Amino acid sequence: IPPPATLFNPDKNIMLGTAYISILLKRYYGKVANDSSRIYCAVSAYNTGAGNVAKAFIGVSKLSRSRERINSLPQDEVLRILLTELPYPETRTYLRKVLDRMSLYR
């Protein structure tokens with residue numbers, strides 16, 4: 001775990017944040033077939049943790065079982081579930097903000 005001073009260093013913070021989102025996209029959600037669904041889940045997990053994302057879909061923190069459910073749903077239903085079932089309003093707001101701004105960075 002990096003010390004707080006590292007997290008307040010912009011270069012190191014960006015490096016650690018991009019490494020973490022990469023881990024979420026590849027290791028945690030790499031088996032999610034739909035690209036958009038994978039991004040929705042990884043962005044949500046970045047803010048609240050993968051266990052809370054799993055809970056939104058299946059009620060418990062079982063990542064492998066939640067991936068099965070995610071893969072059985074169309075991407076718009078995955079997004080709807082995340083925006084209504086994630087346990088924290090902060091994460092639902094975070095997901096909306098990130099998705100609204102993604103096109104600015106492409």
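## Exercises on a predicted model

**Exercise 1.** Decide whether Tyr20, at 33% relative accessibility, counts as buried, partly exposed or exposed.

*Solution.* The structure is a predicted model. Buried means under 20% relative accessible area and exposed means over 50%, with partly exposed in between. Tyr20 stands at 33%, so Tyr20 counts as partly exposed.

**Exercise 2.** Work out how the rings of Tyr20, Tyr46 and Tyr94 are arranged, and which parts of the chain they bring together.

*Solution.* Step one is to count: rings pair if their centres lie within 6.5 Å, and by this rule there are two aromatic pairs. Step two takes the pair of Tyr20 and Tyr46, whose ring centres are 5.5 Å apart and whose planes stand at 40°, so that this pair is tilted. Because Tyr20 lies in helix 2 (residues 10-28) and Tyr46 in helix 3 (residues 35-48), the pair ties together parts that are 26 residues apart in sequence.

Step three takes the pair of Tyr46 and Tyr94, which is stacked, with 6.5 Å from centre to centre and 10° between the planes. This pair links distant parts of the chain, since Tyr46 belongs to helix 3 and Tyr94 to helix 7 (residues 89-101), 48 residues apart. Tyr94 has 26% relative accessibility and therefore counts as partly exposed. Taken together, Tyr20, Tyr46 and Tyr94 form one aromatic cluster.

**Exercise 3.** Find the side of helix 7 on which its buried residues lie, and name exposed residues on the face turned away from that side.

*Solution.* Begin with the helix itself: helix 7 has 13 residues and spans 19 Å from its first C-alpha to its last, close to the 18 Å expected at 1.5 Å a residue. Next, list the buried residues of helix 7, which are Thr91, Arg92 and Leu95. These residues cover an arc of only 105° around the axis, which puts them on the same side of helix 7. As background, an α-helix has 3.6 residues a turn, so residues three or four places apart point the same way. Finally, the face of helix 7 turned away from its buried side carries the exposed residues Pro89, Glu90 and Asp100.

**Exercise 4.** Identify the residues that make the nonpolar surface patch of about 430 Å², and describe the place and exposure of Leu7.

*Solution.* The patch is made by Leu7, Phe8, Met15 and Leu16. Of these, Leu7 sits in helix 1 (residues 4-7), and Leu7 is partly exposed, with a relative accessible area of 40%.

Methods:
Residues numbered from 1 in each chain as written. Predicted model: local features only at pLDDT ≥ 70, side-chain atom pairs only at ≥ 80, totals over all residues. Heavy atoms only, no water. Phe/Tyr/Trp six-rings, centres within 6.5 Å; stacked < 30°, edge-to-face > 60°. Helix = DSSP H or I, 4+ residues; strand = E, 2+ residues; numbered from the N terminus. Buried < 20%, exposed > 50% of the residue type's maximum accessible area, 1.4 Å probe, protein only. Patch = residues over 30% accessible without salt bridge, like charges linked within 9 Å, V, L, I, M, F, W, Y side chains within 5 Å. Areas by Shrake-Rupley, 256 points an atom, 1.4 Å probe, with all protein chains shown as cover. Salt bridge = Lys/Arg side-chain N within 4 Å of Asp/Glu carboxyl O. Expected span 1.5 Å × (residues − 1). Arc of directions from axis to C-beta.
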